[in-house]
Amino acid sequence: MEGKTQASRGTFQEKASMAPMMQSKDFTMKAMRFHEFGGPEVLCYEDVPKPVPEFGQALVRVKAASINHIDIWAEKGVYYKPSLPHIPGSDAAGIVEEVNAGDESFVGRKVIVYPTLACFHCRLCIEGSHNLCANHKTLGAHVNGSYSEYITVPIKNLMRMPETLRFEEAAALPLTFTTAYHMLVDRAKLQPHETVLVLGAGSGVGSAAIQIASLLGANVIATSSTEEKLRKAQRIGADVTVNYTEESWAEEVMLATNNKGVDVVIDHVGAATLAKGVKCLAKNGRLVTCGVTSGNEATINIRELFMSQRSILGSVTGTMRDFLAVTKLAAEGKIKPVLDSAYRLRDARKAQERLLSRESFGKIVLVP
Ligand SMILES: NC(=O)c1ccc[n+]([C@@H]2O[C@H](COP(=O)([O-])OP(=O)(O)OC[C@H]3O[C@@H](n4cnc5c(N)ncnc54)[C@H](OP(=O)(O)O)[C@@H]3O)[C@@H](O)[C@H]2O)c1
Ligand SMILES: [Zn+2]
C-alpha cells in the first residue's frame, strides 16, 4: 500500500480536513484503557472518544487484536511510560473505514498493521532499518493501541491481510513473527544446515521462531515447561524438545547435539536463560536476545565467550521488509500463527492473566 499513498496527494488534501467530520458518525467506541500503572486489574472497559485519522492516517475497525508481553510492560509503566489514560495493544487486524489523504480504494480492505511507527525519512529508515528509527514509536506502547474497536494508524503501516488467515490469526502475526524473522534472518543469518535452540516455545516469539527456523531448513531444538507444550512445539516444527523446568536443560541440549552445541539460540526470556543459552552455543555460535521477561541482568563467562568465538546479538522488532516477508509466508500458507485462545475485548484482564500464568501456548487474541 505504501506506494499508493503518495498518489494524488493534492487532490486529497481538501478531503483530508473534511473527511473526519463527514464520515465519523459515531463519536465514541469501546476500549480497554488504564488510568494508572499496574497489573491486568488496572484495565477498564469503557466508552472512549473514537479516534479521528490525521493526515496520512487510516481509521481501522479492529476485528481482532492480540496480546504481547509489551502490553504488560506498558501497563506496568516499566520500559515504556505512555501518557494516561492509555489503550494498550500492538497487534491488530481489521477493515479500513476511512482514509485521510490516501487512496479511497483502501476503504473496505482487510488489513494488518506493522506496529513500528517510524518516520520513514531519517537515514536509518531510508536504509530500511525502520525498527531503529530515531523517532520510532510502537503502537500500543507509546501511542494508543488495539485493545479497542477502532485505531488510527499511518496508511504506510498497513498491509493487505492474507486471505488464507482469519482475523484472529492475522492479528497474531505482526509483532511476534516480524521479531522472530528479524532475529533469525537479519541478526543470526541462520543457514539451512544449522541447529537452532528456541527458548520458551510457548511464547508468541518462540512459537513463531520455531516455524520460521524449521521453514528455513534448520534443525530445531525447543524448550518449554510442560510435556503438552513440548508436544505442541513438535507439531509446529521442533525436531527435539527439552523441558526447561529440569535444572539440567542445558546439558540435555548439549547431549542432543553430541556435545557440539547449537549454532543459534533464540532467547526472549532474559536473566533466567541467557547464561545457560550462551553455554549451549557451538563454536562461532550466535545468541540473539530480544526480551527480558524474567529480568534484565545476567552474568556470563567472558573467556568461554571469546575462546569459542561466540556472539551475543541484540534484536529489536523487525524492519518493514521483515514484516512483508512474514506476511507473504503467511499468505502462501507456509507459516501460521498458533492460537492459544480468544477472549472478548471486555475480558482482556482475564486474557492477560492467562499470559502471565505461563499456561498459554502461542497467541492470545481479543475480539471486540
Ligand atoms: N525486542 C523486541 O522487539 C521484542 C519483540 C517482541 C517481544 N519481545 C519480548 O520477548 C518476550 C516474549 O514476548 P511474547 O509476547 O512473545 O511472550 P510472553 O508472553 O512473554 O511469553 C511467555 C512465555 O515465556 C516463557 N517464560 C516466561 N518466563 C520464563 C522463565 N522465567 N523461564 C523460562 N521461560 C519463561 C514461557 O514459555 P513456555 O510457555 O514455553 O514455558 C511463557 O509461557 C517479552 O519479554 C517481550 O517483551 C521483544
Ligand atoms: Zn526514521
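This is a predicted model: local features need pLDDT of at least 70, side-chain atom pairs count only at pLDDT 80 or more; totals for chains, interfaces and linings use all residues.

Me: Why are helices α5 and α11 called roughly perpendicular?

Reply: Helix α5 (residues 174-187) and helix α11 (residues 320-331) pack at an angle of about 110°, their axes lying 9 Å apart. Angles of 65 to 115 degrees count as roughly perpendicular, and α5 and α11 are therefore described in that way.

Me: Which residues make the contact between α5 and α11?

Reply: From α5 come Pro174, Phe177, Thr178, Tyr181, His182 and Asp186, and these meet Asp322, Phe323, Ala325, Val326 and Leu329 of α11. Sorted by class, the contact comprises 7 nonpolar, 2 polar and 2 charged residues.

Me: Why does Ser308 count as buried?

Reply: The criterion for buried is a relative accessible area under 20%. Ser308 has 15% relative accessibility and therefore counts as buried. Ser308 is located in the loop between α10 (302-307) and β15 (311-314). Leaving aside residues up to four places away in sequence, Ser308 touches Ala282, Lys283 and Asn284.

Me: What makes helix α2 mostly covered?

Reply: Of the 8 residues in α2 (residues 69-76), 6 are buried. These are Ile70, Asp71, Ile72, Trp73, Ala74 and Glu75. The elements that cover them include β1 (28-34), β2 (43-49), β3 (57-66), β7 (137-138), α5 and α12 (348-357). Just after α2, Gly77 adopts a positive phi of about 75°.

Me: How do you know that strand β10 pairs with β11 and with β13?

Reply: Pairing requires at least two bridges between two strands. β10 is joined to β11 (residues 219-224) by 4 bridges, and to β13 (residues 262-267) by 3 bridges. As for individual positions, Val198 has Ala222 in β11 as its bridge partner, while Val196 stands opposite Val264 in β13.

Me: Which way do the residues of β10 point, and are they buried or exposed?

Reply: In β10 (residues 195-198), Thr195 and Leu197 point one way, whereas Val196 and Val198 point the other way. All of these residues are buried.

Me: What makes the unit of β10, α6 and β11 right-handed?

Reply: The term applies if, with the strands pointing away from the viewer, the path from the first strand over the helix to the second runs clockwise. β10, helix α6 (residues 204-215) and β11 form a β-α-β unit that is right-handed.

Conventions: Residues are numbered from 1 along each chain as its sequence is written. Chains are lettered from A and ligands numbered from 1 in the order in which they are written. Side-chain values use heavy atoms; hydrogens and water are left out. Axes are lines fitted to C-alpha atoms, for helices over the stretch in contact, and angles run from 0 to 180 degrees between N-to-C directions. Helices (H or I, at least four residues) and strands (E, at least two) are DSSP runs, numbered from the N terminus. Angles under 35 degrees count as roughly parallel, over 145 as roughly antiparallel, 65 to 115 as roughly perpendicular and the rest as oblique. Contact means heavy atoms within 4.5 Å. Ala, Val, Leu, Ile, Met, Phe, Trp, Tyr, Cys and Pro count as nonpolar, Asp, Glu, Lys and Arg as charged, and the others, Gly among them, as polar. Buried means under 20% relative accessible area, exposed over 50%, partly exposed in between (1.4 Å probe, protein chains only).
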